Amino acid sequence: MRLKTFDASSLTPAEMQGYLHAAIAPRPICFASTIDKNGVVNLSPFSFFNVFSVNPPICVFSPTSRARDNSTKHTLENVLEVPECVINIVNYDMVQQAYLTSTDYPREVNEFSKAGFTELASETVRPPRVAESTVQLECVVNNVISLGKNGGAGNLVIAEVKRIHINEDILDADGKIDPHKIDLVARLGGDWYCRVSGDNLFKIAKPIDCAGIGIGVDAFPQEVKNSNVLTGNNLGVLGLVKTLPSDEEIEAFSKTEEMKELLDAIIDSHTRTTHLHLKAKHLLDNGRVMDAWKVLLM
């Protein structure tokens, strides 16, 4: 791997933004509705956003000052005047509409109307919700932390969730949000976004959910750890097992028709390890983790 290295002080804000936005991605989108002291509503998306606590339930998003002139955004001005907001989650069906609201409209322009969204009265805060959003979080703003004084500096809006509204159509049979149904989108660098659905979704078992503590990569035989065939993901799955198969289990598996056919086909002893690792990789891709270990330890 060849690394290109930069000192942060050598990059312009635009260059830094380009690298950080592209590298730290995908980022969820906070579609924030706010209101000023005169009752003027604002709606704007922010990709510097995430959840940081569940007890209390805290979300944080960051309106940055504009790099071109160091001016502040209406969202920031609003939460300083009226410390409340609604975080409306953006899904694929509304992402183009949401993008419309990122334009720097004059303060008196209502982005709900400009983008064609429907205002829905909130129950605990003053800013309205986006009716088209499948998840709406009514929040009070506990604090706003400025991260700098120059153009491009962020302002952390620490928002405590007070009420959650969820469209029942995106729930599964257990009442949990189904990632296939919510059809989320996320922000990448430049003009790029991604859709979180279909074949892009996959599961990874948490180590704590496995039967005991996994052995970890440091317990692998060297030729497995340094395999030219197995990927880092393969090693991660192999490291979740609690114990390695016994010699008896390995011997029994080597005598199955599946393995006898493979072993009989290996003529060159120099390529034996590669053939076995390719077989193990195939087994891993089909969820047969312990069988993969039996092959690797033959």
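## Salt bridges

Asp 291 and Lys 294 are both buried. This is a predicted model. The two side chains form a salt bridge, with the closest N and O atoms 3.3 Å apart. Both residues sit in helix 11 (residues 289-296), three residues apart, so about one helical turn separates them. The pair also belongs to a network of salt bridges that links Glu 258, Lys 279, Arg 288, Asp 291 and Lys 294.

How many salt bridges does a search of the whole structure find? The total is 13. Side chains of opposite charge can pair when their charged atoms come close. Three of these pairs are tabulated here.

| Asp 36 | Arg 107 | 3.1 Å |

The bridge between Asp 36 and Arg 107 links distant parts of the chain, 71 residues apart. Asp 36 is in the loop between strand 1 and strand 2 (41-46). Arg 107 is in the loop between helix 3 (95-100) and helix 4 (111-115). Are the two partners buried or partly exposed? Asp 36 counts as buried because its relative accessibility is 5%. Arg 107 counts as partly exposed, at 28% relative accessibility.

Asp 183 lies in the loop between helix 5 (179-182) and strand 10 (184-187), and Arg 195 lies in strand 11 (residues 193-196), so the bridge ties together parts that are 12 residues apart in sequence. Asp 183 is buried, at 10% relative accessibility. Arg 195 is partly exposed, at 36%.

## Cysteines

A disulfide is a covalent bond between the sulfur atoms of two cysteines. How many disulfides does a search of the whole structure find? The search finds zero. The cut-off is 2.5 Å between sulfur atoms. Cys 59 is buried, with a relative accessible area of 5%.

Cys 139 is in no disulfide either. The nearest cysteine sulfur to it belongs to Cys 85, 4.5 Å away. Cys 139 is buried too, with a relative accessible area of 0%.

## Nonpolar packing

Which residues have the most contacts inside the largest nonpolar core? They are Cys 30, Phe 49, Phe 61, Cys 85, Ile 87, Leu 137 and Cys 139. This core has 20 residues. Several elements give two or more residues to it: strand 1 (30-35), strand 4 (57-61), helix 2 (74-81), strand 5 (84-89), strand 8 (135-146) and strand 9 (155-166). Strand 8 contributes the largest share, four residues.

Cys 30 shows the packing at residue level. Beyond its neighbours within four places in sequence, Cys 30 is in contact with Ser 44, Pro 45, Phe 46, Phe 49, Phe 61 and Ile 87. Another core, of 18 residues, lies apart from the largest one. Among its members are Phe 220, Leu 238, Leu 262 and Leu 276.

Ile 164 is found in strand 9.

## Single residues

Tyr 19 is in helix 1 (residues 13-23). Its relative accessibility is 43%, so Tyr 19 counts as partly exposed. Not counting residues up to four places away in sequence, Tyr 19 touches Phe 6 and Leu 11. Tyr 19 and Gly 189 are 170 residues apart in sequence, yet their C-alpha atoms are 7.9 Å apart.

Thr 12 lies in the segment before helix 1. Thr 12 is partly exposed, with a relative accessible area of 39%. Thr 12 and Val 185 are 173 residues apart in sequence, and their C-alpha atoms are 29 Å apart.

Asn 234 is in helix 7 (residues 232-238). Is Asn 234 buried or exposed? Asn 234 is buried, at 6% relative accessible area. Apart from residues up to four places away in sequence, Asn 234 touches Val 229, Lys 281, Leu 284 and Asp 285.

Terms used
Residues numbered from 1 in each chain as written. Predicted model: local features only at pLDDT ≥ 70, side-chain atom pairs only at ≥ 80, totals over all residues. Heavy atoms only, no water. Core = buried A, V, L, I, M, F, W, Y, C linked by side-chain atoms within 4.5 Å. Buried < 20%, exposed > 50% of the residue type's maximum accessible area, 1.4 Å probe, protein only. Contact = heavy atoms within 4.5 Å. Salt bridge = Lys/Arg side-chain N within 4 Å of Asp/Glu carboxyl O.
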